[in-house]
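I opened my notebook to look up a few things, one at a time. Come along and check each entry with me.

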Amino acid sequence: MSILLRSLSLLVGITLAVPAFGDCLTAKETKQGVLLTREVPFYSVFYKPDGPGLTEQRLMERDGSLQPVSAVYVHPLLVEKRVSASGTHELKYANAIALDDLPQKKNWQSATTLFINGKKSVSGTTFIRFDGLGEETIASCSYKVWAINSRLELTELPPIIFEHYYSPELHLVLRSVTLSPSNRPLSEVRFDRFQVGWGN
């Protein structure tokens, strides 16, 4: 079950950041796709807008080797599908995806079902809560963000909780923190640099 939980954490977690040097990222540039890289441990991901969501191509270091992962997000705050060497994990949401007006509505939730390699596994609920407005500064770049609490509760599994700092202008999460069931920060990932378009 710990392997499943780890896979789900990767599936749900959105860990993006902007570079530590150069010009700040613009909304126009993100439409071309953005490659974000963390040097240590190595983690490189290419995000490209796809309608209201994103597609992802990721290369990450794990157990001393580089492993490719691809994913699809129905919204930058909500992952739908993840494909890796361990198989395909999909989350199906019963409710319409309505997250762009979170500051007004404050909360969104949906019954959620996990499918592993096309077979139904477990069900539960996804909760997304708007916690306020803020500003995320990375290097010399500052962006207006929404503070978002994302919680996935599946039957017989510990909840998977993230704190996201989402820029509605860029349509990207600029920082993401993994939280414990008691809301204690466990880990945080920030990227060192970005490049507009595909490439290293």
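Leaving aside its neighbours within four places in sequence, which residues is Leu179 in contact with? I looked them up in this predicted model and found Asn149, Ile161, Phe162, Glu163, Arg184, Pro185 and Leu186.

**Entry on Leu179.** I placed Leu179 in strand β11, which covers residues 172-179. Leu179 and Ile161 are 18 residues apart along the chain, yet I read 5.3 Å between their C-alpha atoms. Next I asked myself: is Leu179 buried or exposed? Leu179 counts as buried because its relative accessibility is 7%, and the cut-off for buried is under 20%.

**Entry on Thr112.** I then moved to strand β7, residues 107-116, where I found Thr112. At 1% relative accessibility, Thr112 is buried too. Which side chain does the side chain of Thr112 make a polar contact with? I found that of Thr126, at 2.7 Å. Setting aside residues up to four places away in sequence, I listed what Thr112 touches: Leu91, Lys92, Tyr93, Val122, Ser123, Gly124, Thr125, Thr126, Leu152 and Leu154.

**Entry on the whole chain.** I stepped back and noted three helices and 13 strands in the protein chain. The chain has 200 residues, and 47% of them count as buried. I also looked at contacts between residues at least 6 apart in sequence, and 44% of these join residues at least 24 apart. Last, I wrote down that the chain exposes about 9,800 Å², with 52% of that supplied by carbon and sulfur atoms.

Methods:
Residues are numbered from 1 along each chain as its sequence is written. This is a predicted model: local features need pLDDT of at least 70, side-chain atom pairs count only at pLDDT 80 or more; totals for chains, interfaces and linings use all residues. Side-chain values use heavy atoms; hydrogens and water are left out. Helices (H or I, at least four residues) and strands (E, at least two) are DSSP runs, numbered from the N terminus. Buried means under 20% relative accessible area, exposed over 50%, partly exposed in between (1.4 Å probe, protein chains only). A polar contact is a pair of N or O atoms within 3.5 Å; within protein, one must be able to donate a hydrogen and the other to accept it, and residues adjacent in sequence count only if both atoms are side-chain atoms. Contact means heavy atoms within 4.5 Å. Accessible areas come from the Shrake-Rupley method with a 1.4 Å probe; for residues, only the protein chains shown count as cover.
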